[in-house]
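Visitor: Please show me the structure. I want to ask what stands behind each label.

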Amino acid sequence: MKNFISLTLFLIFIPLSGYSQMFSVDDSSPVRQQQLGTATVFSIGWEMGEFENRNSNLVDIDDYSFDDNILKLRLDTPGLKMALGLGGSITGMSNNSYLNILGRLHNNLNVYMSDERNFIFQLPIQITTDLMRVQRNNTESEFQQSSFIVGTGVRTVAILSERFDFSLKATPNYGFSFSQGNLFGGSLFRFDGSSQLLIKNVIGDRGLALSYHFDFRSYDIDGNQNDYDYTSHSISIGITF
């Protein structure tokens with residue numbers, strides 16, 4: 001297991017430059033040009049999430065299931081992703097409050113690039129840690145799990161035209177989940193994917209990113225009380241840097 005984690009960290013921290021240099025005949029100074037699929041995006045989105053316990057025999061006070069809307073903030077860079085999900089009365093949740101904090105280190109290894117450099121097929125390598133907390137209103141009862149997972153999958157990025165890029169990504173992940181004060185509590189399988197349409201130079205050199213995200217998580221915690229599935233679909237709009 002240690003060797004696997006070491007290899008994953010090595011693949012993640014292989015330096016990949018997000019810029020290439022171009023030289024002009026009349027000007028010897030290099031001009032930095034951003035490579036395909038390496039834009040930094042800050043986005044805000046609306047997530048429709050369903051949190052469901054796989055045990056049908058729970059009493060209501062022990063059941064944190066919900067089917068509600070969540071506010072989502074994301075920052076995506078070429079090597080780091082951070083996300084914050086918030087749910088409560090402001091998003092229409094009536095019985096619970098929701099908090100999700102995510103951090104992901106990743107590296108997209110090029111498998112194939114077209115001769116015209118307008119299409120890339122990549123192998124993403126990633127390590128993700130996150131905190132999910134669902135708390136029932138007016139009680140101290142809550143579901144809270146932190147996780148550490150490793151994943152890989154596929155990613156493609158294509159130039160559609162001079163101003164439009166389109167990307168797709170899908171990654172299964174697997175690792176362990178634990179509650180506060182415990183190192184190991186169970187396992188977590190996670191499958192997430194996204195698609196993004198990038199419109200360049202909307203405001204000066206700033207672009208506009210329109211995205212769809214899918215997320216499925218299956219918690220398998222010791223005992224049956226905290227065996228939950230979480231499924232969400234979200235749409236977001238963001239700006240590039």
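**Salt bridges and burial**

Guide: R190 forms a salt bridge with D130, with the closest N and O atoms 3.3 Å apart. The pair links distant parts of the chain: R190 sits in strand 11 (residues 186-203) and D130 in strand 7 (residues 119-136), 60 residues apart. This is a predicted model: local features need pLDDT of at least 70, side-chain atom pairs count only at pLDDT 80 or more, and totals for chains, interfaces and linings use all residues. Residues are numbered from 1 along each chain as its sequence is written, and side-chain values use heavy atoms, leaving out hydrogens and water.

Visitor: Why is the contact of R190 with D130 called a salt bridge?

Guide: The term asks for a side-chain nitrogen of Lys or Arg within 4 Å of a carboxyl oxygen of Asp or Glu. R190 and D130 have N and O atoms 3.3 Å apart, so the pair qualifies. Side chains of opposite charge can pair when their charged atoms come close.

Visitor: What makes R190 buried or exposed?

Guide: Its relative accessible area does. Buried means under 20%, exposed over 50%, and partly exposed in between (1.4 Å probe, protein chains only). R190 has 4%, so R190 is buried. D130 also has 4% relative accessibility and therefore counts as buried.

Visitor: Which other salt bridge does D130 form?

Guide: D130 pairs with R217, the closest N and O atoms being 3.3 Å apart. This pair, too, links distant parts of the chain: D130 is in strand 7 and R217 in strand 12, 87 residues apart. Both D130 and R217 are buried.

Visitor: What joins R190 to D192?

Guide: A salt bridge at 3.7 Å, N to O. Both residues are buried. R104, D130, R190, D192, D215 and R217 are linked in a network of salt bridges. The structure holds 11 salt bridges.

Visitor: What joins T128 and R104?

Guide: A polar contact of 2.6 Å between their side chains. That label needs a pair of N or O atoms within 3.5 Å; within protein, one must be able to donate a hydrogen and the other to accept it, and residues adjacent in sequence count only if both atoms are side-chain atoms. T128 lies in strand 7. At 1% relative accessibility, T128 counts as buried.

Visitor: Which residues is T128 in contact with?

Guide: Contact means heavy atoms within 4.5 Å. Leaving aside neighbours within four places in sequence, T128 contacts L102, G103, R104, S147, F148, I149 and R190.

Visitor: How many residues does the largest nonpolar core have?

Guide: It has 16 residues. A nonpolar core is a set of buried Ala, Val, Leu, Ile, Met, Phe, Trp, Tyr and Cys residues joined through side-chain atoms within 4.5 Å. M132 is among those with the most contacts inside the core. Beyond four places in sequence, M132 touches residues including F51, Y98, F143 and Y230.

Visitor: How many helices and strands does the protein chain have?

Guide: The protein chain has 1 helix and 13 strands. These are DSSP runs, numbered from the N terminus: helices are H or I of at least four residues, strands E of at least two.
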